Amino acid sequence: MPGNRIAPLDHLRAAAILGVVAIHATSPLLASLPDGSSAQPSRFWMLAALNQAGRFSVPAFFLMAGFLAAFQAEKLRGGSGARDYLKRRLARLLVPYLTWSVALFALPVLAHGKTDGADFAFRFLLGWTFTGAYFLLALAQLTLLAPALIRIVRKGRLAALTLWSLFFFMTEIFYGVAAYGRSGTSLHVREAFSASLSLFFVWGSYFVAGLWAARERERLLPWLGEHRLFWAGLGAALYAASLWEFGAVHESTRSLGLAASFLKPTSALFALAACAFFLGTTGARAAEPVAIVRKSPPARAWEALAAGSFAIYLLHGSVVLSLLGIAAPWLQAVAAGPAGPLLLGAAGIAGPLAFYRLTERLAPRWARFAMFG
């Protein structure tokens, strides 16, 4: 692991990857309940609570991407420096996307002889080739827009707030039409809602928030640290509100995708509060990269999660789905019980992290780049 890291981002990165795994360890179990909350209400709400607790995670990764992009502001002003940065950044996103899309989607489909050219291309285009792949495509779009977004944020707080508001309210209006509308237009928007996660505009507010946070980091990060109790309390309140909205939307639409969405207003605000909490730290030097030396086992585990978060993100969904699909009957029974999310989550973290550490030691550089950028 690199010795020179930004401590607040490591805190947030490790928490966010746990959140991502929690979402995908519970989503299949929620979907498998035949009658939703009416058949097994206690299990339904336990899974929903775990699922909603992780809903800050993908927004957090977009926020961190914006934060780190801001450090490249000088390179992104134009000329060969901007071209070189964009080329490297896009390669780090799109090469792993193609690698795992082929390995986890294209090869299995071709092996089973189930080839539909249009569906094949559609899934590649929208990032529906493996769990969470849409993130890489949306982030690639925001990477291309980063030079223009940085120029706007550099104009000052008002410009940054205006840009953030444009993305945020456009996204929430879009979600509101899908989740709460009753017209024919709402039905069409609802049908297209999943595809929207592959588009930059629904995540743009978090990326812009990261750009602004990096610009204001010397004052912002210590201030967040001084008010961590406030952000913890606000996050808890918004989390409870997101559970309520989850139930309301699910009751109205019978759509788990809409009910659990990152984009519903309560979840979007919960994500911002959670990011503020995990970024909060005391001491001005935490705003800059510092050497981190921690000796306690929990701290080393937290650093390992942060360092391997991208690999875990890419592979955890396949591990979870494989366990659900091919596990022995006794393991299926465990997965269907209260310990199921814990079992699936632990496997979704440990398997990819072990594979990542192994490839870091044994695989040639080109293979490591192809898999993990």
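Mentor: We begin with a term: two residues are in contact when heavy atoms of theirs lie within 4.5 Å. Bear in mind throughout that this is a predicted model. With that cut-off, the buried residues of helix 12 pack against helix 2 (41–53), helix 7, helix 8 (184–191), helix 11, helix 13 and helix 14.

Trainee: Which residues of helix 12 are buried?

Mentor: A residue counts as buried when its relative accessible area is under 20%. In helix 12 the buried residues are Trp231, Gly235, Leu238, Ser242, Leu243, Glu245, Phe246, Gly247, Val249, His250 and Thr253.

Trainee: Moving on into helix 13, is Leu258 buried or exposed?

Mentor: Leu258, which is placed in helix 13 (residues 256–259), is buried, because its relative accessible area is 2% and the cut-off for burial is under 20%. Setting aside neighbours within four places in sequence, Leu258 is in contact with Tyr175, Ala178, Ala179, Arg190, Phe193, Val249 and Thr253. Two of these partners, Val249 and Thr253, are also listed among the buried residues of helix 12.

Trainee: How many of the residues of helix 10 are buried?

Mentor: Helix 10 is mostly covered, with 10 of its 12 residues buried. Those residues are Gly204, Ser205, Tyr206, Phe207, Val208, Ala209, Gly210, Leu211, Ala213 and Ala214, and they pack against helix 3 (57–70), helix 6 (134–153), helix 7 (157–180), helix 11 (217–226) and helix 14 (265–279). As for length, helix 10 (residues 204–215) reaches 17 Å from its first C-alpha to its last, which is close to the 16 Å expected.

Trainee: What does Ser205 touch, not counting residues up to four places away in sequence?

Mentor: Ser205, a residue of helix 10, touches Trp164, Phe167 and Phe168 under that condition. At 2% relative accessibility, Ser205 counts as buried.

Trainee: How should I describe a pair of packed helices?

Mentor: The description of two packed helices rests on the angle between their axes and on the distance between those axes. The axes of helix 1 (residues 7–32) and helix 3 come within 8 Å and cross at roughly 150 degrees. That angle makes helix 1 roughly antiparallel to helix 3, since angles over 145 degrees are classed in this way. Helix 1 passes helix 3 in a left-handed crossing.

Trainee: Which residues of helix 1 and helix 3 meet?

Mentor: From helix 1, Leu9, Leu12, Arg13, Ala16, Ile17, Gly19, Val20 and Ile23 meet Ser57, Val58, Ala60, Phe61, Leu63, Met64, Phe67 and Leu68 of helix 3. Sorted by class, this contact holds 13 nonpolar, two polar and one charged residues.

Trainee: At what angle do helix 1 and helix 15 pack?

Mentor: Helix 1 and helix 15 (residues 297–307) pack at about 75 degrees, with their axes 8 Å apart, and that makes helix 1 roughly perpendicular to helix 15. In this contact, Asp10, His11, Arg13, Ala14, Ala15, Ile17 and Leu18 of helix 1 meet Trp302, Leu305 and Ala306 of helix 15. The residues divide into seven nonpolar, one polar and two charged.

Trainee: Finally, where is Gly54 placed, and which residues does Gly54 touch?

Mentor: Gly54 is in the loop between helix 2 and helix 3, and at 1% relative accessibility Gly54 counts as buried. Not counting residues up to four places away in sequence, Gly54 touches Gly19, Ile23 and Phe262. The C-alpha atoms of Gly54 and Ala22 are 6.0 Å apart, although these residues are 32 residues apart in sequence.

Conventions:
Residues numbered from 1 in each chain as written. Predicted model: local features only at pLDDT ≥ 70, side-chain atom pairs only at ≥ 80, totals over all residues. Heavy atoms only, no water. Helix = DSSP H or I, 4+ residues; strand = E, 2+ residues; numbered from the N terminus. Expected span 1.5 Å × (residues − 1). Buried < 20%, exposed > 50% of the residue type's maximum accessible area, 1.4 Å probe, protein only. Axes fitted to C-alpha atoms, helices over the stretch in contact; angles between N-to-C directions. Parallel < 35°, antiparallel > 145°, perpendicular 65-115°, else oblique. Left-handed = near helix turned anticlockwise from the far one by under 90°. Nonpolar A, V, L, I, M, F, W, Y, C, P; charged D, E, K, R; others polar.
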